[in-house]
Amino acid sequence: MTNRRSDPNVTVDQFHFAFTPRFRYLLAALDIRPANSRVTIGVSTLMIQFGPWRIDTPLANVREVCETGPYHWYRAIGPRLSLADRGLTLGSSTAGGVCVLLHEPVPGIVPFAAIRHPGITLTIEDPARFAAVLRRRAQLKPVTT
């Protein structure tokens, strides 16, 4: 589900995470629920909330957006750190998602910015629409196939 709120001064697009039913109880144990997990693309900011985890970064920090997946459950469900590249996955589904690559890494999985992430994978309900809106707002070139 996507919510769009518009007025003359502010345009905000809000995207919800896709929750696979069989993983809801596991995620709820981490306080990750549909009610507290969303991604908001504002006029100049990308705001991610995944249960107790929150990441905010300027849209100017977004360098690339690509659709990815499907995933294996053990690599996609919950907050996951990639030891290979320090990428962060905030996952609630194995169906697929969007990888957001950043110019400057951001803190996310642990407090106090001890680990900074150069990319974040998000399992959004409508990955294609999310990717298109984020590309447009971040003023990235469209992906050609």
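Helices (H or I, at least four residues) and strands (E, at least two) are DSSP runs, numbered from the N terminus. Keep that in mind for element names on this tour. You're looking at a predicted model, so local features need pLDDT of at least 70 and side-chain atom pairs count only at pLDDT 80 or more, while totals for chains, interfaces and linings use all residues. Residues are numbered from 1 along each chain as its sequence is written, and side-chain values use heavy atoms, with hydrogens and water left out.

**Stop 1**

Select Asp31, in the loop between H1 and E3. Its phi is positive, about 65 degrees, although Asp31 is not a glycine. For context, most residues other than glycine have a negative phi, and most peptide bonds are trans. Asp31 counts as partly exposed because its relative accessibility is 34% (buried means under 20% relative accessible area, exposed over 50%, partly exposed in between, with a 1.4 Å probe and protein chains only).

Now jump to Arg86, in the loop between E7 and E8. Arg86 is another non-glycine with a positive phi of about 65 degrees, and at 41% relative accessibility it counts as partly exposed.

Then pick Gly69 and Pro70 together: the peptide bond from Gly69 to Pro70 is cis, with omega near 5 degrees. Pro70 sits in the loop between E6 and H2.

**Stop 2: the largest pocket**

Show the surface and look for the largest pocket, with about 400 Å³ of space. A pocket here is an open set of points on a 1 Å grid over the protein atoms alone, where a 1.4 Å probe fits, with protein on both sides within 12 Å along at least five of seven lines; lining residues have an atom within 4 Å of a point. Grid points are joined across faces, edges and corners, and the volume is the space filled by probe spheres set on the points.

To color by element, take strand E6 (62–68), helix H2 (73–76), strand E7 (78–81), strand E8 (88–91), strand E9 (97–107) and strand E10 (116–122), which each give two or more residues to the lining. E10 gives the most, with 4 residues. By type, the lining divides into 10 nonpolar, 7 polar and 4 charged residues (Ala, Val, Leu, Ile, Met, Phe, Trp, Tyr, Cys and Pro count as nonpolar, Asp, Glu, Lys and Arg as charged, and the others, Gly among them, as polar).

**Stop 3**

Select residues 127–137, helix H3. Buried there are Pro127, Phe130, Ala131, Val133, Leu134, Arg135 and Arg137. After H3 comes Gln139, with a positive phi near 60 degrees.

Zoom in on Phe130. In the largest nonpolar core, which has 32 residues, Phe130 joins Leu46 and Leu122 in touching the most other members. Such a core is a set of buried Ala, Val, Leu, Ile, Met, Phe, Trp, Tyr and Cys residues joined through side-chain atoms within 4.5 Å. Beyond its neighbours within four places in sequence, Phe130 is in contact (heavy atoms within 4.5 Å) with Phe15, Val39, Ile41, Leu46, Val98, Val100, Leu122 and Ile124.

**Stop 4: aromatic pairs**

The whole structure holds 3 aromatic pairs. Rings of Phe, Tyr and Trp (its six-membered ring) pair if their centres lie within 6.5 Å; planes under 30 degrees apart count as stacked, over 60 as edge-to-face and the rest as tilted.

Phe15 is in strand E2 (residues 11–16) and Phe130 in helix H3, 115 residues apart. Both Phe15 and Phe130 are buried.

Next, select Phe17 and Phe50: a tilted pair, 4.9 Å centre to centre and 45 degrees between the planes. Phe17 lies in the loop between E2 and helix H1 (24–29), Phe50 in strand E4, 33 residues apart. Phe17 and Phe50 are both buried.

**Stop 5**

Leu27 counts as buried because its relative accessibility is 0%. Leaving out residues up to four places away in sequence, Leu27 touches Phe19, Ile32, Phe50, Ile77, Gly78, Gly91 and Ser92.

Finish at Ala18, in the loop between E2 and H1. Setting aside neighbours within four places in sequence, Ala18 is in contact with Ser92, Ser93, Thr123, Ile124 and Glu125.
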